[in-house]
Amino acid sequence: MLAIREAVTDADHEQLRRVRMIILPHERALTVEQMRASARPDQVQVLAERDGEVVGAGYAGSSDLGGAATVVPRVLPGARRQGIGTAILRELVAHATSLRPDFLVAHADDAGSKAFAEHFGFVEVDRQVEQVRAIGAEPWPATPEGYEIVTVAARPELWDTAYDRIGVQAFHDMAVISPLDVTREEWHRDWIGDPAAMYLAVADDEVIGMAGLIDDADEPHRAENALTVVRRDWRGKGVAATLKRMTLALAAERGLREVYTWTQKGNADMRRLNARLGYVTRLQSFTMRADLPVAV
């Protein structure tokens, strides 16, 4: 018998993490503490259990994409094509619809998941491209002219400034289907990893760029690139390349074997920069959209 219930306890959240890591082994998973800290007041997370065994999970809540709510059903490989995904999606859509969004978004990470979403009226509107870089002997870049590079650990007061100077601009410029709406609180909580691994480019005491690494608590040999962005008037001057080289050198210093990053399909400039720095494409994730109502 299948039962779908809300995830409440720490043990439940560990099960959510387990499902995610099985389905998305290439991605960093939040710790239970991070999951609780980043929880939205309007979100719901569920576990699907068959005869007491967890076979799937799901998430629904408001999205950073303006006007959208997100639904994320997940079913373990051995339990697919048995109606479990449909049952999870039904619960998620009901909750997401109650938030009165303009539309729903979901993410499909393989052809089967994409076909599942399309069955319920979702259509592909964007793709996220994962690029990965093997870490070897990585030299530190030369000292740049016209600006300096500091860590957030050394200049913590600049992180708040970075939100105003480059963060809001970056979210507006991202090649996504709807502008991102990231609050200052979310910037401080969700968009920074270890402050010693977050680099800021500073000119005349103004933040003009950033890049960094976010550690993987479960896979200490790898890290994810944090947001890499340069202020509009400084783009095309090599700032992003220097910042990215700083992160690669730091990864080597810390003994990492792999760094990976995700970019939008429309962000060809960043993908070209990554390719020049030795990143190679590994995966694609499909962004799917459905207008309301969605019948499940």
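Predicted model: local features only at pLDDT ≥ 70, side-chain atom pairs only at ≥ 80, totals over all residues.
**Ser 38**

Ser 38 sits in the loop that runs between helix H2 (32-37) and strand S2 (44-50). The side chain of Ser 38 comes to 2.9 Å from the backbone oxygen of Gln 34. A polar atom of that side chain is also 3.5 Å from the backbone oxygen of Met 35. Leaving out residues up to four places away in sequence, Ser 38 touches Leu 30, Arg 189 and Asp 190.

**Strand S6**

Strand S6 (residues 123-134) pairs with strand S13 (residues 280-291), and S6 also pairs with strand S12 (residues 258-264). The table lists both pairings.

| Strand pair | Sense | Bridges |
|---|---|---|
| S6 and S13 | antiparallel | nine bridges |
| S6 and S12 | antiparallel | seven bridges |

Val 132 stands opposite Val 280 in S13 and opposite Tyr 260 in S12.

**Nonpolar cores**

The largest nonpolar core has 27 residues, of which Trp 159, Trp 187, Leu 200, Met 210 and Leu 227 touch the most other members. At least two residues of this core come from each of strand S5 (103-108), helix H5 (157-173), strand S8 (198-203) and strand S9 (206-215). H5 gives the largest share, seven residues.

Which residues are in contact with Leu 200, leaving aside neighbours within four places in sequence? They are Glu 148, Ile 149, Val 150, Val 152, Leu 158, Trp 159, Ala 162, Val 207, Gly 209, Met 210 and Leu 243.

Notes
Residues numbered from 1 in each chain as written. Heavy atoms only, no water. Helix = DSSP H or I, 4+ residues; strand = E, 2+ residues; numbered from the N terminus. Polar contact = N/O pair within 3.5 Å; in protein donor to acceptor, adjacent residues only side chain to side chain. Contact = heavy atoms within 4.5 Å. Pairing = 2+ DSSP bridges. Core = buried A, V, L, I, M, F, W, Y, C linked by side-chain atoms within 4.5 Å. Buried < 20%, exposed > 50% of the residue type's maximum accessible area, 1.4 Å probe, protein only.
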